[in-house]
Amino acid sequence: MKTKILKIDLNAPSNLIIKYAASIIQKGGLVAFPTETVYGLGANALNAKAVAKIFKVKRRPMDNPLIVHIAKFEELDKLAKIIPQKAKLLVRKFWPGPLTLVLFKKKNVPNEVTAGSQTIAIRMPANRFALELIRNAGVPIAAPSANLAGKPSSTTATHVMEDFNGKIDLIIDGGQTDIGVESTVLDLTENSPVILRPGAVTKEMLEKIIGKVRTLKKIKTGNIKSPGLKYKHYAPRAKMILVTGDMNEIIKKTKKLTIYFKKRNKKIGIMASDETKKSYGTKNTILSVGSRKNLKTVARNLFFVLREFDRLDVEVILAESFPETKIGCAIQNRLKRAASRIY
Ligand code: TXA
Ligand code: MG
């Protein structure tokens, strides 16, 4: 299969391209498209065969359900059996935007989408092209992040091409995505709301609207609440070590590790910040994800830089930690899960 790439202007996406992409979705094909978080790999959510293709090309474990993307508030009623008051309040405040709600599903949602679960994850993306695509297709779109299972999510069309060239029908290139980490996933099917995956809509932001929200602290294997949690994620090819502590500790530990791996002739990549990047000499591959004072930029660059290290054939990545405040929770969550060791 030949994969087409079409560039769009996000502020004024071409109608022709929207209609073309929508027709592929209607015919049961796969279209990768930008959202405000990361690129998604979309198919008609009501077409079980099309959805099965997503699992196949992504090599996604069959028990890991997909997020269904909608463009109109009314579509929520068609997919979810019950819409609790808390969901209504959150949707009013945060949609369109990077918040996914897990609710009980209606029967018409194919089991393939929810991986057999009685619950469904739904979000309305804040991206003009994505919304227009869903509206024109006339169906909800199931879309996981557009990366091979286990790899860092795609934040550019080039990343999508790296993983899916020749395997999907179309890639829409809308430039680098804004937020850079995937949406917050909030489970509203329990007695109290639980964050299954932190994202740009933070715990504090949610609590302002609906009161107490819990976070899943331990990532337990066998936890069936969010099946995605038990698999390795976001991992670059290189072995990644996450270095923790305050800034000075991080610099000290990273230097120590550099010496250790140098002795073993490993090609080292350091994922640093603007404040620390000058501390590690000039011989290593050092990439900054941005300033520690601007965690939004760090989130935006995170997956981009991880994929960059793979492109540079680095063997060991020493990644700095970031403070777990606001979007920093999402950053640390992804880093911890990408790392093979925490130091
Ligand atoms: O920002 C995003 O959410 C992006 C863009 C494309 O919208 N999508 C995304 O999808 O990150 P994916 O498939 O990479 O991650 C979806 C996460 C997985 O961890 C999955 O286990 C969880 O949501 N999930 C999906 N349906 C669920 C359900 N019914 N119950 C619990 N967790 C669910
Ligand atoms: Mg993903």
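Leaving aside its neighbours within four places in sequence, Leu101 is in contact (heavy atoms within 4.5 Å) with Ala87, Leu90, Val91, Trp95, Ile120, Ala121, Ile122, Leu186 and Leu188. The model is predicted, so local features need pLDDT of at least 70 and side-chain atom pairs count only at pLDDT 80 or more, while totals for chains, interfaces and linings use all residues. Residues are numbered from 1 along each chain as its sequence is written, chains are lettered from A and ligands numbered from 1 in the order in which they are written, and side-chain values use heavy atoms, without hydrogens and water.

Leu101 and Leu186 touch the most other members of the largest nonpolar core, which has 67 residues. A nonpolar core is a set of buried Ala, Val, Leu, Ile, Met, Phe, Trp, Tyr and Cys residues joined through side-chain atoms within 4.5 Å, where buried means under 20% relative accessible area (1.4 Å probe, protein chains only). Another core, of 27 residues, lies apart from the largest one and includes Met271, Val289, Val305 and Ile327.

The next subject is the ligand. Around ligand 1 there are 26 residues, of which Thr37, Asn64, His69, Ser145 and Ser183 come nearest; a residue counts as near if one of its heavy atoms lies within 4 Å. The shell divides into twelve nonpolar, nine polar and five charged residues. Strand β6 (119-123) is among the elements that supply at least two shell residues, and β6 gives the most, with four.

Within this shell, a polar side-chain atom of Thr119 lies 3.0 Å from a nitrogen atom of ligand 1. An N or O atom in the side chain of Arg60 is 2.9 Å from an oxygen atom of ligand 1.

Technical notes:
Polar contact = N/O pair within 3.5 Å; in protein donor to acceptor, adjacent residues only side chain to side chain. Nonpolar A, V, L, I, M, F, W, Y, C, P; charged D, E, K, R; others polar. Buried < 20%, exposed > 50% of the residue type's maximum accessible area, 1.4 Å probe, protein only.
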